[in-house]
Amino acid sequence: MTPLSTDPTARARLRWSAATSAIQIEGSRRADGAGRSIWDDEIAKPGRIRDGSTAEPACDSYRRVADDVALVAGLGLDRYRFSIPWARVQPDGHGPGNVAALDHYARVVDALLEAGVTPFPTLYHWELPSPVEADGGWLARDTAERFGEYVALVAARLGDRVSSWYTLNEPAMTTLQGYAVGALAPGRQLFYGALPTAHHQLLAHSRAADVLRDQGAESVGLVNNHTWVLPLRDTEEDHAAAAVYDLLHNRLFSEPLLSGTTPDLEALGLPPLPLLGDDLARIAGSIDFYGVNFYNPTTVTAASPGNDIPFEIVPTPGVPVTGFGPEWPIMPSALRDLLIDLHRRHPGMPPIIIGENGASFPEPDVAGPVEDIDRIAYLSAHIDAVGEAIDAGVPVEEYTVWSLLDNWEWTDGYTQRFGLVHVDFSTGERIPKASYGWYRELVAGAHAARTAGAARA
Ligand code: BGC
């Protein structure tokens, strides 16, 4: 590929991070007066979680802040991405902030700062308080206002020490998997009836961005899941099906945010998205960075005639797969291609942060050293793909591994291990895997190159 970047040091300036989210690691679900979230409701549904597990105790991280911060610091990371759950801060989904919970996250932030790592919290990683869902959840416009009130409580407590924030994690997955097909909480199956949740999440993000900036935040963005959509066959029908899936997965959120336009759903035969005048103006330009989470490409084919949904997702032929099997194909070039495509569609876009990238592989549950060469190969190839996108002029500034720790993988329970660190879920013991040492060396090398480049300049 011809290097087009006008800035040859862009690769060397990448920041490095690793990520977790609250329910996936914390345990202690009811500690300090925490309220219920839609995931507690999901766990309570019989047969809903693949291995019958709960998110208790997960990695026991609520009680092991020092252990986790030591692991983050040991990697030499620039930043650590973690999430603050709304239902701990507002147990009833409204009203004053829960002081004990806010104190807890203040301790997390302080421990990171003392370790020389910049805290980079996510304010919503899929854990809607149950009372907010009972009032309509993301189908209700008022949820955007309520999110803003919650964010104001967090910003008032942490805004003096946290300057960069992710508002929402993967709103596309909330819309598609949470409300359209029900694979994630709250498990609704509304199909196109889920589209208003896209509108209300975008509004919630922009409301939160205003609140955070009023409190002095320097950098506010949203992080979405992106995929590279491939038609199974080179036919008109499969290309049309791919265009519909691309719009729903990739463009529903990026276009309002990055271009101030509503994607034309009707042109592809879908119901219109009710994004209206003033809201669109608030949403456009409300980010200082755009977060991209990437795991795998998606291959689609045209659905049989008469099907409500015009596409069908099928295995990607001819590529290796992760611990999820054919559902999660491995194709690093897809990350490069989607970054280049996103930048081509939105040339003036703000910097991109890769907010998550990683893979699960079958690994033993018993505590012991893990030589996770598959993970090292996956991460290394995807970091190279990011480098190629930077060489092609895409403004990527940060790369984040999912995940620091093996953790509780939503409806898949403890069956998928994504960590740089093995966690024994019965004892909480943490054992860094081979990939932990590999990532530490990579980060150290990148920092050394950055320092040497700065000294030369
Ligand atoms: C989510 C994480 C999740 C990861 C792997 C992302 O979509 O943000 O919470 O664990 O994917 O499935």
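This is a predicted model: local features need pLDDT of at least 70, side-chain atom pairs count only at pLDDT 80 or more; totals for chains, interfaces and linings use all residues.
The ligand sits in the largest pocket. The residues that surround the ligand are Gln-24, His-125, Trp-126, Asn-169, Glu-170, Tyr-295, Trp-328, Glu-356, Trp-402, Glu-409, Trp-410 and Phe-418. By class, this shell consists of six nonpolar, three polar and three charged residues.

In Glu-409, an N or O atom of the side chain is 2.5 Å from an oxygen atom of the ligand. For Asn-169, the separation between a polar side-chain atom and a ligand oxygen atom is 3.0 Å. Tyr-295 also has a polar side-chain atom 3.4 Å from an oxygen atom of the ligand. On its own, the ligand has 310 Å² of accessible area, and the protein covers 95% of that area.

Rolling a probe the size of a water molecule over the atoms shows where empty space is left. In this structure there are three cavities of 30 Å³ or more. The largest cavity holds about 150 Å³ of space. Its lining is made up of 16 residues, and those nearest the centre of the cavity are Ile-25, Ser-61, Asp-68, Tyr-80 and Val-108. Sorted by class, nine of the lining residues are nonpolar, five are polar and two are charged.

Most residues other than glycine have a negative phi, and most peptide bonds are trans. Where in this model are the peptide bonds cis? One of them runs from Glu-56 to Pro-57, with omega near 0°. Another cis peptide bond joins Trp-402 and Ser-403, with omega of about 15°. Ser-403 lies in the loop between strand E13 (396-402) and strand E14 (421-423), while Trp-402 is among the residues around the ligand.

Trp-126 has a positive phi, near 75°, although this residue is not glycine. Trp-126 is located in the loop between strand E3 (118-124) and helix H6 (130-134). Like Trp-402, Trp-126 is part of the ligand's surroundings.

Technical notes
Residues are numbered from 1 along each chain as its sequence is written. Side-chain values use heavy atoms; hydrogens and water are left out. A residue is near a molecule or strand if one of its heavy atoms lies within 4 Å of it. A polar contact is a pair of N or O atoms within 3.5 Å; within protein, one must be able to donate a hydrogen and the other to accept it, and residues adjacent in sequence count only if both atoms are side-chain atoms. Accessible areas come from the Shrake-Rupley method with a 1.4 Å probe; for residues, only the protein chains shown count as cover. On a 1 Å grid over the protein atoms alone, a cavity is a set of points where a 1.4 Å probe fits but cannot get out, and a pocket is an open set with protein on both sides within 12 Å along at least five of seven lines; lining residues have an atom within 4 Å of a point. A molecule sits in a cavity or pocket if more than half of its atoms lie within 2 Å of its grid points. Ala, Val, Leu, Ile, Met, Phe, Trp, Tyr, Cys and Pro count as nonpolar, Asp, Glu, Lys and Arg as charged, and the others, Gly among them, as polar. Grid points are joined across faces, edges and corners, and a volume is the space filled by probe spheres set on the points. Helices (H or I, at least four residues) and strands (E, at least two) are DSSP runs, numbered from the N terminus.
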